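I opened my notebook to go through the aromatic side chains and a few other spots. Here is what I looked up, in the order I took it.

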Amino acid sequence: MAIGAASPIPATGVFLSKFLYNGNLRVSLLHKRDGNPFTEGSRELFDLAGQGRIDVFFLGGAQIDGAANINLVQAEGKRFPGSFGSAFMYFAAGRTILFREEHSKRVLVPKVDFISAPGWSPPGVERRGGPQALLTGKALFAWQKDRRRFRLESIHPGGSLEEILDSTGFEFDYGLDVPITPAPSAGDLALLRSAVAPEIAANYPEFAAKVWPETPAVRT
């Protein structure tokens, strides 16, 4: 599993998975501040992806639409840092999980203003991977490759289907009884506070200071 720069929330989830599976998971963290395995920066990450050695990647976007396209270039008259390697990773990584904490019609739009990386490709276009899911601060969506649209999988505690419908700019599928996203178990919380927090503090100190203000960073 690989995480790009400035992605503390996906990194937290990945490190939790690593500790849950007793370390039997390789994590490539581009943002790692100490001992980064990518001695030549992102070029080696792209090389691994090109060889088919990245199973899961994470991508965010200033805008995300119902076709799983992402926009990292411009929106609402504002320019952003740019696409960087998002289009390549979206094609080369086995599965991509889209994420954005903000869940609003400003972010989840009917059609992105600029396609930094497409969610699907027509027949005849070589593409190893594609979207698997979209996770926001309010809900979890699964990508339906055959239908080329999202399906609402669960709603986070405290939310409602009406709220999700009202705050999502694109159409999506959903069942009559959408489940609530399970809360973390006591064991998950214990791992987050004991083992995961120091890892995150070492590489995302500002984020960790807000979530775990008493946690010292570790260097691994």
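**Aromatic cluster**

I started with the rings and found that Phe141, Trp143, Phe150, Phe170, Phe172 and Tyr174 make up one aromatic cluster. A reminder to myself: this is a predicted model.

I then searched the whole structure for aromatic pairs, and the search gave 10. For Phe141 and Phe172, I noted ring centres 5.2 Å apart and planes at 80°; over 60 degrees counts as edge-to-face, so this pair is edge-to-face. The pair links distant parts of the chain, with Phe141 in strand 11 and Phe172 in the loop between helix 4 and helix 5, 31 residues apart.

Next I checked Phe170 with Phe172: their centres are 6.5 Å apart and their planes also lie at 80°, so I logged the pair as edge-to-face.

**The hairpin**

I followed strand 11 (residues 139–144) to its antiparallel partner, strand 12 (residues 149–155), and found six bridges joining them. Ala139 stands opposite Ile155. Four residues lie between the strands, and Arg148 has a positive phi near 55° in this hairpin.

**Charges over rings**

Arg148 came up again here, as it lies over the face of Trp120, 3.7 Å from the ring centre. I also found the charged end of Arg127 over the ring of Tyr90, at 4.9 Å from its centre.

**Helix 1**

Last, I looked up Thr12, which is in helix 1 (residues 8–20). Thr12 is buried, with a relative accessible area of 12%. Its contacts beyond four places in sequence are Leu192, Val196, Ile200, Phe207 and Trp212.

Methods. Residues numbered from 1 in each chain as written. Predicted model: local features only at pLDDT ≥ 70, side-chain atom pairs only at ≥ 80, totals over all residues. Heavy atoms only, no water. Helix = DSSP H or I, 4+ residues; strand = E, 2+ residues; numbered from the N terminus. Buried < 20%, exposed > 50% of the residue type's maximum accessible area, 1.4 Å probe, protein only. Contact = heavy atoms within 4.5 Å. Pairing = 2+ DSSP bridges. Phe/Tyr/Trp six-rings, centres within 6.5 Å; stacked < 30°, edge-to-face > 60°. Lys NZ or Arg CZ within 6 Å of the ring centre and 35° of its normal.
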